[in-house]
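Me: I would like to learn how to read a structure, one feature at a time. Could you walk me through it?

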Amino acid sequence: MTERGDLLRVENLSVSFPLWGGTIEAVRNLDMRIRPGKVTALVGESGSGKSVLGRAIMGIETPVARTSGQIIFNDPERDEPLDLLSLPHDGRKIRSIRGNRIGMIFQEPMTSFSPMHTIGNQIDEVLRVHSILSPGERRERCEDVLGRVGFENPGRAFDMYPFELSGGMRQRAMIAMALICRPALLIADEPTTALDVTIQAQILKLLREAQAKLGMAMLLITHDLGVVASMADEVVVVYRGQVMEAGTAEDIFRNPQHPYTRGLMQAVPDFNMARDERLKPLREIKVDTAGLMQRTGRTEAKTDIILSVRNVTKSFLPKRSQGFGARPSAPTVAVNDVSFDIKRGETLGLVGESGCGKTTMSKIIMRGLTANSGTVTYNGDNGPIDVLNAEGQALQELRTRIQMVFQDPVSSLSPRMPVRSIISEPLEIHARGDAKSRQEAVQRLIHAIGLPDSALSRYPHSFSGGQRQRIGIARALALGPDLIICDEPVSALDVSIQAQILNLMKDLKKELGLTYLFISHNLAVVNYMADRVAVMYAGRIVEIAPCEIIMRNPVHPYTKKLLAAVPLPNLDCPLDFEAIGQPSAAAKKVWATQFKDDGNPDSLIHADLGGGHWVLARRNVDARELRP
Amino acid sequence: MIRYILWRIMVMIPTLVMISMLIFTIIELPPGDYFESYVEELKAIGEKADMQEIEELRARYGFDQPEPIRYLNWVGGMLKGDFGYSFEYRMPVSDVVGDRVWLTILVSTVTIIVTWLIAFPIGIYSATHQYSWGDYGLTLLGLIGLAVPNFVLALVLMYLANIWFGTSIGHLMDQKYLNEPMSWDKFKSILEHIWIPVIIIGTAGTAGMVRRVRANLLDELHKQYVMTARAKGLHPFRVLIKYPLRMSLNFFISDIGSVLPHIISGAEITAVVLSLETTGPMLIRALQSQDMYLAGSFLMFLAFLTVIGVLVSDIALALLDPRIRLRGGSTK
């Protein structure tokens, strides 16, 4: 390998941030290289300094950061290599490289664009800075690149505002912005972490194609080894700002040397795992449920079905457009005739892409939203309760029996309450015991989730995302519920933390005899957690079956697509971009005819395939025809 | 958009009706009326009032009628542009207020513009150089400006101007121009005098404004889109102006609603101390002497301006912020 061979070489890079009375060393003596035209993945947990590295290359780290070392950029359009770190901060030279020779995309598609300016204005700006094209030529080029990243009507997209687009489309626009000057290097900082698996697969496909077409190199910063396996040529594993292991993807996946790399790989759930196999998180939590749930006089319930949902429908009216008198447009049906049962002690997985109505369904069960029609029955110790119409005493009982764990560990805990108050609040609301017994209950709960007593007097901001999610779980457990609704509890977490939380939830379920409704967009996670799985698409349950059947023998095309979209940390089964790379609405058109409604939703019913396996199909179709 | 504006204007009507009732009630609350306090005042200095004439005036202005009818007369008059008659000045309200309104608007507008011109650069500097010595120093200055009461500052400046420049800085112009029509000399004299009230009234406003610009801008500076803009290779100053500053302007625009009435009412206490020919002292005097048409019409005028100001700022917000314009009223 000659010196000129590498597009970018990072040599002995250290980045530290001064803090009151000390420094935080985010990156320590890091060496790595990026070869032209190749995808280099930078893998590590959150807090490992990988994003700092990305920003240091661009020179957009805050000025207080202290950097040392070299970042050598061998721009093929220039004659000699350039040390990016030696350039003046925000000077003309580094600015002519940013966005022009090195593009960057970020994790949060929701906040990466300014909401005040149109997409076109913000993309066009890159050309205004770096080119001498006329406005007409710039617009043409913008629309061209917007079309190539998958906008069906680029001219219209150009004049749209970011908030009018979905997360996936915004990320596409972001990619268009990063690629418009045809950079030699694209830095993608967790480009798909905030997206669900089907959108993730589309974005990865787009990145892969763009990278091959433009012959550019890509630095892919991610924590997800599944994404790495499908995308990367070379892999660099970092931990606490230092390189643990680096090499080609083949080397890293076939023959990982460093225990940290092996640990990361074992933390990802895999479809090939045995039913009772446990994930091995990097740091295991000890569960101590002693003294929890000593509820007296608990009678065995008569039925084994704890929650029964029948024909629930919910539609949202779109906003009143402008003032009064405007014509109301058609309502959006978020949940359409959904029925399912949850058995006592099982985990029912509810899977689907974002916007399919799974969160709406969970909110209806929690009485956060009111259904238009249908019934939900909870079979508790004291007989059945009509969930949707319960009032007074019955509602109060319901509130103690069904609890919820939320997706976002940051916004679901009040930043102004210490952990002690957060966990004991449900006890106070329901007037359980006196102050002393509540205190003891809180201590038992915090032990159950593996946090020390000292955590009780701290505030949520001093905990990591995974720890916060554990606090959320402790709060849900406080009243000793039977049923816990987990709405994407691990989607916002790193894979290593995800394994930790999943194991914790499994242990708690076993020891406390809980029932879970586990909502997720990731089938691999659901496979690890659930006994039965319901797949939801566009407000309807398209397939429901025991977990093994869904995973091994799916019938509905949408289930198959979801399964294919899960990136596995295994080089032998990379993502099949051909099959999954198109939006669900487009993919729906090529579904087999027996699954299509042809514009008449009533033509579909749930066909029984035996063994608790139901699939949404045409009324007149024989069950045998549905088998592939 | 047009539908929205029409709807907003229609909503203004009941608001104004309710405000007018409130104003009328409050003005009527103290016992007696202008004539009674006038008679009392005359008695106090030992003169006799012409009760005959007073009774005539009372009848002429409908003071002998029940309150609802007087209310309707008052409101009806205002709708026709007749704001009533000031008993104290013995001329129509519009004539009393007329000249003063223009002077008040002049002082207030200059003050507001000066406030913005000073506050914005300082606020931007403070936000972009957070926790630097410059930020701390300017913050200290701003807090002093906020803490010192206007009238104290007015007295200090009057004293200093007197011993340093040897001029009396009371009033808005030289005494000899007071009742003269506008002329070039009068205008120059106003300019000579205006900087003192502008500084005094402006200090507190500037200080508060700096703090608000700083806080709003700081919120925006750490947003992801700022990073995106820098990653595009934009000049840092251009990034600042186009993205975070633009976003932080929303508070400023929604402020317009409260600025409009402020322009008219002015800073009363400062105006009293400096004996400025603005509307503030006049309103106070009118309230004291129960000069009900003057006070009521003036308060009504302020209320009208407030409502208009809120409307203007709402429309401006909708024009400037596409999120409000295109997503307004949507629910989750």
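Me: What should I know about the model and the numbering?

Reply: This is a predicted model: local features need pLDDT of at least 70, side-chain atom pairs count only at pLDDT 80 or more, and totals for chains, interfaces and linings use all residues. Residues are numbered from 1 along each chain as its sequence is written, while chains are lettered from A and ligands numbered from 1 in the order in which they are written.

Me: Which residues of chain A does the annotation "domain: ABC transporter" cover?

Reply: UniProt positions are given in the numbering used here, with shortened feature names, and annotations may be inferred rather than shown by experiment. In an unreviewed UniProt entry, "domain: ABC transporter" covers residues 8–265 and 307–563 of chain A. Over residues 8–265 of chain A, the chain is 38% helix and 26% strand. The end C-alpha atoms there are 27 Å apart.

Me: How many helices and strands does chain A have?

Reply: Helices (H or I, at least four residues) and strands (E, at least two) are DSSP runs, numbered from the N terminus. Chain A comes to 22 helices and 22 strands. The radius of gyration is taken over C-alpha atoms, and the globule rule is 2.2 Å times the number of residues to the power 0.38. For chain A the radius is 26 Å, close to the 25 Å that the rule gives for 628 residues, so chain A is as compact as a globular protein of that length. Its C-alpha trace spans about 80 × 60 × 55 Å along the principal axes.

Me: Where are the transmembrane regions of chain B?

Reply: The unreviewed UniProt entry places "transmembrane region" at residues 5–27, 101–124, 136–165, 194–213, 251–274 and 294–320 of chain B. Take two of them. Residues 136–165 of chain B are 90% helix and 0% strand, with end C-alpha atoms 33 Å apart. Residues 294–320 of chain B are 100% helix and 0% strand, and there the ends lie 38 Å apart.

Me: How do I read a pair of helices?

Reply: Two packed helices are described by the angle between their axes and the distance between the axes. Axes are lines fitted to C-alpha atoms, for helices over the stretch in contact, and angles run from 0 to 180 degrees between N-to-C directions. Angles under 35 degrees count as roughly parallel, over 145 as roughly antiparallel, 65 to 115 as roughly perpendicular and the rest as oblique. Now chain B: the axes of α7 (residues 150–164) and α8 (residues 184–221) come within 10 Å and cross at roughly 150 degrees. That makes α7(B) roughly antiparallel to α8(B).

Me: Which residues of α7(B) and α8(B) make the contact?

Reply: Two residues are in contact if their C-beta atoms, placed from the backbone, lie within 7 Å. From α7(B) come N150(B), L153(B), A154(B), L157(B) and A161(B), and from α8(B) come I196(B), I200(B), I201(B), T203(B) and A204(B). For classes, Ala, Val, Leu, Ile, Met, Phe, Trp, Tyr, Cys and Pro count as nonpolar, Asp, Glu, Lys and Arg as charged, and the others, Gly among them, as polar. The contact of α7(B) with α8(B) has eight nonpolar, two polar and no charged residues.

Me: What about α13 and α15 of chain A?

Reply: The axes of α13 (residues 419–429) and α15 (residues 465–477) of chain A come within 7 Å and cross at roughly 30 degrees. The two helices are therefore roughly parallel. V419(A), I422(A), I423(A) and P426(A) of α13(A) meet I471(A), A474(A) and R475(A) of α15(A). Six of these residues are nonpolar, none polar and one charged.

Me: How many residues join chain B to chain A?

Reply: 26 residues of chain B are in contact with 29 residues of chain A. On the chain B side, α9(B) gives the largest share, six residues. That side divides into 11 nonpolar, seven polar and eight charged residues.
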